[in-house]
Amino acid sequence: MLSTYKSHHNPLYNNLVQLSRNIFFYKKILLKDTFETRIHLIFFHLTIIMIILKNKKKIFPQNIFDNIFQNTEHNLRELGFGDVKVNKQMKNLTRIFYDILLKLNISENKNFSLNKKLIITYFDLSDNNNHLVNDLANYFDKFYYFCFELNEDNMIKGKINF
């Protein structure tokens, strides 16, 4: 069955895109402003939201999750990629998302702890830029604690003013 694409009818996706455009990432952390960097930032933010919802025993809606990936696929097509390239990229992006989801929060206790090796893996930062890695990790830690205080339904609706 074919799914229908709902162009940008996902406030959470739109908010994640806004968060990925934060000038902090490109001026302070010195990340390269590329599609891959932005999608990785979206995935990190989305994963944090999903971890929070899991900790609060709230289920992340499948239709919103699907729509986020549909929007990503649509953006690849807008960049001019053909069907074969889009399928290959989406398979790779899905693998990256689940890698981030599984490895982001590795902590024995309930405290959020960002896996800094993931930052080095997915953002063009080396161990030599330890202060930039720490700054980015601190950003995501603050994002986690900010979102943790939000109402779950508002978070799912994309009402995140971080």
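Contact means heavy atoms within 4.5 Å. The exercises below concern a predicted model, in which local features need pLDDT of at least 70, side-chain atom pairs count only at pLDDT 80 or more, and totals for chains, interfaces and linings use all residues. Residues are numbered from 1 along each chain as its sequence is written, and side-chain values use heavy atoms, with hydrogens and water left out.

**Exercise 1. The whole protein**

Determine how many helices and strands the protein has, and what share of its residues is buried.

Solution. Helices (H or I, at least four residues) and strands (E, at least two) are DSSP runs, numbered from the N terminus. The protein has eight helices and zero strands, in the order α-α-α-α-α-α-α-α along the sequence. Buried residues (under 20% relative accessible area, against over 50% for exposed and in between for partly exposed, with a 1.4 Å probe and protein chains only) make up 43% of the 162 residues. Of the contacts with a separation of 6 or more, 64% join residues 24 or more positions apart.

**Exercise 2. The crossing of α3 and α7**

Describe how the axes of α3 and α7 are arranged and which classes of residue form their contact.

Solution. Axes are lines fitted to C-alpha atoms, for helices over the stretch in contact, and angles run from 0 to 180 degrees between N-to-C directions. The axes of α3 (residues 35–55) and α7 (residues 130–148) come within 10 Å and cross at roughly 40°. Angles under 35 degrees count as roughly parallel, over 145 as roughly antiparallel, 65 to 115 as roughly perpendicular and the rest as oblique; α3 and α7 are therefore oblique to each other. The contact includes Phe44 and Ile48 of α3 and Phe140 and Tyr144 of α7. Its residues divide into twelve nonpolar (Ala, Val, Leu, Ile, Met, Phe, Trp, Tyr, Cys and Pro), two polar (the others, Gly among them) and no charged (Asp, Glu, Lys and Arg).
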